[in-house]
Amino acid sequence: MNSTKTKLTQELVRALFEYRAGALYWRVRASANVHAGDLAGFVQGNGYKGVVINRKIYSLHRVIFLYHYGHLPKVVDHVDGNILNNDVTNLRAATVAANGANRRVGRNNTSGVKNVSWHKAIKKWDVRVQKAGVSHYIGSYETLADAAHAAAQARIALHQEFARHA
């Protein structure tokens, strides 16, 4: 682990770590404070787990994806939205747009339902779902329940397996 220019590969990752139940454990003594068998990684300031390899910080979920699949896509998505759940069954390759579709309801959402907002002028619930930078107007609804149902159907149609409803 002394070269800072070593490319991150599946072979290197498998030589350094053992994968167990969503976590990596060191196979080698990585430093004076890190021994073989120790749990690898730490929670970074952004909330994601990270691990230092050759003096560079890598997101742990990306290292686990590489460990199992042998390549690194542009984005690795957490299926359940929990960025601390790095079980390989919870990780999938994604595009930036698909990863965005898998976001939770925004903090500033006042309806409590993803893609639904109150339209004051017509006194109805509006549904808009965005895909690839394009906002799709789905319709206006009398009840929040009807709007929520329409939004869920639109998300499924537009985002398929990346559709998140809550």
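These questions and answers cover salt bridges, a strand pair and a surface patch in a predicted model.

Residues are numbered from 1 along each chain as its sequence is written, and side-chain values use heavy atoms, with hydrogens and water left out. In this predicted model, local features need pLDDT of at least 70 and side-chain atom pairs count only at pLDDT 80 or more, while totals for chains, interfaces and linings use all residues.

Trainee: How many salt bridges are there?
Mentor: A salt bridge here is a side-chain nitrogen of Lys or Arg within 4 Å of a carboxyl oxygen of Asp or Glu. By this rule the count is three.

Trainee: Are R92 and D77 buried or exposed?
Mentor: Their side chains form a salt bridge at 2.8 Å, N to O. R92 lies in strand β7 (residues 91–94) and D77 in strand β6 (residues 75–78), so the pair ties together parts 15 residues apart in sequence. Strands are DSSP runs of E, at least two residues, and helices are runs of H or I, at least four, numbered from the N terminus. Buried means under 20% relative accessible area, exposed over 50%, partly exposed in between (1.4 Å probe, protein chains only), and both R92 and D77 are buried.

Trainee: Which residue meets K124 in a salt bridge?
Mentor: K124 lies in strand β9, and its partner lies in the loop between β10 and α4 (144–159), so the pair ties together parts 18 residues apart in sequence. K124 is partly exposed, at 26% relative accessible area. The N to O distance is 3.4 Å, and the residue is E142.

Trainee: What is the N to O distance between R20 and E18?
Mentor: R20 is partly exposed, with a relative accessible area of 37%. E18 is also partly exposed, at 31%. Their side chains meet in a salt bridge at 3.1 Å.

Trainee: Which residue in β10 is the bridge partner of W125?
Mentor: Two strands pair if DSSP finds at least two bridges between them. Strand β9 (residues 124–131) and strand β10 (residues 134–141) pair in the antiparallel sense over seven bridges. In β10, the partner of W125 is Y141.

Trainee: Which residue takes a positive phi in the hairpin of β9 and β10?
Mentor: This hairpin has two residues between the strands. The phi is near 55 degrees, and the residue is A132.

Trainee: Which residues make the nonpolar surface patch of about 240 Å²?
Mentor: Patch residues have over 30% relative accessible area and no salt bridge; like charges are joined within 9 Å, nonpolar side chains (Val, Leu, Ile, Met, Phe, Trp, Tyr) within 5 Å. Accessible areas come from the Shrake-Rupley method with a 1.4 Å probe; for residues, only the protein chains shown count as cover. V52, in strand β4 (residues 49–53), is partly exposed at 36%. The patch is made by F42, V52 and I57.
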